[in-house]
Amino acid sequence: MKLSPSTKCAVAVKPLMWSSNRYDGPSGARVIGGFVSKHGFGGEEWNGRMNRVWKGQRVFHTETKEKLDLYAEHGRLGLIMISMHNDVQYIVGVACGVRINDDADLASMFRMSAFNDTIGELWNAESVRARYPSIKALKEDFPAGFNTPRWRCPSDLFHWFEKPVPLPRDPLGFGKAVLAKMHNNYQAVRPEHALQLLDGHLPAESMISQWFIDQEFDEAFLPRYVRSKQGQTSSQRAENFGAPAAQDAYTRYIQKKEIRITPEHHLLEKAFLAFLETLNATAISQNRKAVDVRFDLSTHGHVIAELKPAVAGQTKYPIRFAVGQVLEYRHFQNPNAHPLIVLGARPKNEEIEFCHSLGISVAWKMATTFTLRWRK
């Protein structure tokens, strides 16, 4: 089977080293072999430090493999992070919509105060000093401060457990006492496996479960023994794991994206107005009678647009909220207007079809332009 990392998602259970200080910096872990044994610390030891946020994205680290990188290049990777302690495996964190940090991203991150004294923290760790003759030698080994973290994801899709969640033996019924143990390895799983491991442990307002429910996942990513058993559909996952979470996640979306005025909305509006000029739109106006943008097109008449920031894989709730608004504005203000929802990321095909069924057109932002799908 051929992998489809640009269109489908993947989930992996990823082992980390155990931290004795809740992943709040170097903990002096004792590990045989690998990076930690050589340098006296691991990049994941800062994963519990919640101020490591860059441009609304939670920054963290694990070791990786080529297949993980393929999906992370498109923000389509989910990671359940586990660690072994006293012969028990624990879930320590989870992240969805994971992306790779490139060199430019890291350079920007390291200018943040949260990363300012990484070298100093390392040198304060006895395990690091035992491996380096001087702080000068340490700085020579890591001239940029520290060349991790590898990953980032939307802050809403990251959760670090204050109290790690212990797993039973053979937690997924694979016939293995524990999941992957080696730090340089991973266990590919289905989304329902992820939901099973996390069930009952995430905060009520978390949107993570909904990510595992809504996305389309790549069967080719799975090992044959996992793929040999039939997986669940999105609707089955929603029935088994998602009814309460859907309502909570929607409430969270309203609170975070609608009640508060966000910079993302301003930037989306600015970009869309520039795009309208390329369409030769006329009578353009902003924020009049609660409508984000109004304009006229020779091909579609008067258009009223509701704009919603969004990231890939998280368009369900912005659409749900926008539908009521744009139809209300049309009904009470201009029954002949053409309703349009403008999103910050591409929605699913079924979401586009849903909007079209209500007479609403859909647009979404791409890298340098917008795509418009007019209702049929």
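Ala, Val, Leu, Ile, Met, Phe, Trp, Tyr, Cys and Pro count as nonpolar, Asp, Glu, Lys and Arg as charged, and the others, Gly among them, as polar. The legends below describe a predicted model, in which local features need pLDDT of at least 70, side-chain atom pairs count only at pLDDT 80 or more, and totals for chains, interfaces and linings use all residues. Residues are numbered from 1 along each chain as its sequence is written, and side-chain values use heavy atoms, with hydrogens and water left out.

**View 1. The largest cavity and its lining.** A cavity is a set of points, on a 1 Å grid over the protein atoms alone, where a 1.4 Å probe fits but cannot get out; lining residues have an atom within 4 Å of a point. Grid points are joined across faces, edges and corners, and a volume is the space filled by probe spheres set on the points. The whole structure holds 3 cavities of 30 Å³ or more. The largest cavity has about 70 Å³ of space. Leu157, Met207, Gln210, Trp211, Asp214, Gly313, Gln314, Thr315, Lys316 and Tyr317 line it. Two elements, helix 8 (208-214) and helix 12, each give two or more residues to this lining. Helix 8 supplies the largest share, 3 residues. By class, the lining has 4 nonpolar, 4 polar and 2 charged residues. Helices (H or I, at least four residues) and strands (E, at least two) are DSSP runs, numbered from the N terminus.

**View 2. The second largest cavity.** This cavity contains about 50 Å³ of space. Its lining comprises 10 residues, and Gly43, Trp46, Asn47, Arg52 and Pro149 lie nearest the centre. The lining divides into 5 nonpolar, 4 polar and 1 charged residues.

**View 3. The second largest pocket.** A pocket is an open set of grid points with protein on both sides within 12 Å along at least five of seven lines. About 500 Å³ of space lies in the second largest pocket. Its lining counts 26 residues, with Met17, Val31, Ile32, Lys181 and His183 nearest its centre. Strand 1 (10-16), helix 1 (34-39) and strand 4 (77-85) are the elements that give two or more residues to this lining. The lining has 13 nonpolar, 10 polar and 3 charged residues.

**View 4. Helix 12 against helix 13.** Helix 12 (residues 316-333) and helix 13 (residues 349-357) pack with their axes 11 Å apart, at an angle of about 5°. Axes are lines fitted to C-alpha atoms, for helices over the stretch in contact, and angles run from 0 to 180 degrees between N-to-C directions. The two helices are therefore roughly parallel to each other. Angles under 35 degrees count as roughly parallel, over 145 as roughly antiparallel, 65 to 115 as roughly perpendicular and the rest as oblique. Lys316, Ile319 and Val323 of helix 12 make the contact with Glu351, Phe354 and Cys355 of helix 13. Contact means heavy atoms within 4.5 Å. The contact residues divide into 4 nonpolar, no polar and 2 charged.

**View 5. Helix 7 and the glycine after it.** Helix 7 (residues 191-198) is mostly covered, with 7 of its 8 residues buried. Buried means under 20% relative accessible area, exposed over 50%, and partly exposed in between (1.4 Å probe, protein chains only). The buried residues are Pro191, Glu192, His193, Ala194, Leu195, Leu197 and Leu198. Just after helix 7, glycine 200 takes a positive phi of about 85°.

**View 6. Lysine 55 and asparagine 86, two residues with positive phi.** Most residues other than glycine have a negative phi. Lysine 55 has a positive phi of about 55°. Lysine 55 sits in the loop between strand 2 (53-54) and strand 3 (57-60). It is exposed, with a relative accessible area of 66%. Asparagine 86 also has a positive phi of about 55°. Its loop runs between strand 4 and strand 5 (88-100). Asparagine 86 is exposed, with a relative accessible area of 63%.

**View 7. Phenylalanine 60 and its contacts.** Phenylalanine 60 lies in strand 3. It is buried, with a relative accessible area of 1%. Leaving aside neighbours within four places in sequence, its contacts include Asn47, Leu79, Met81, Pro149, Trp151 and Phe158.

**View 8. Glycine 25 and its contacts.** Glycine 25 is in the loop between strand 1 and helix 1. It is buried, with a relative accessible area of 1%. Glycine 25 and glutamate 45 are 20 residues apart in sequence and 5.1 Å apart in space, C-alpha to C-alpha. Leaving aside neighbours within four places in sequence, glycine 25 is in contact with Glu45, Trp46, Arg49 and Glu121.
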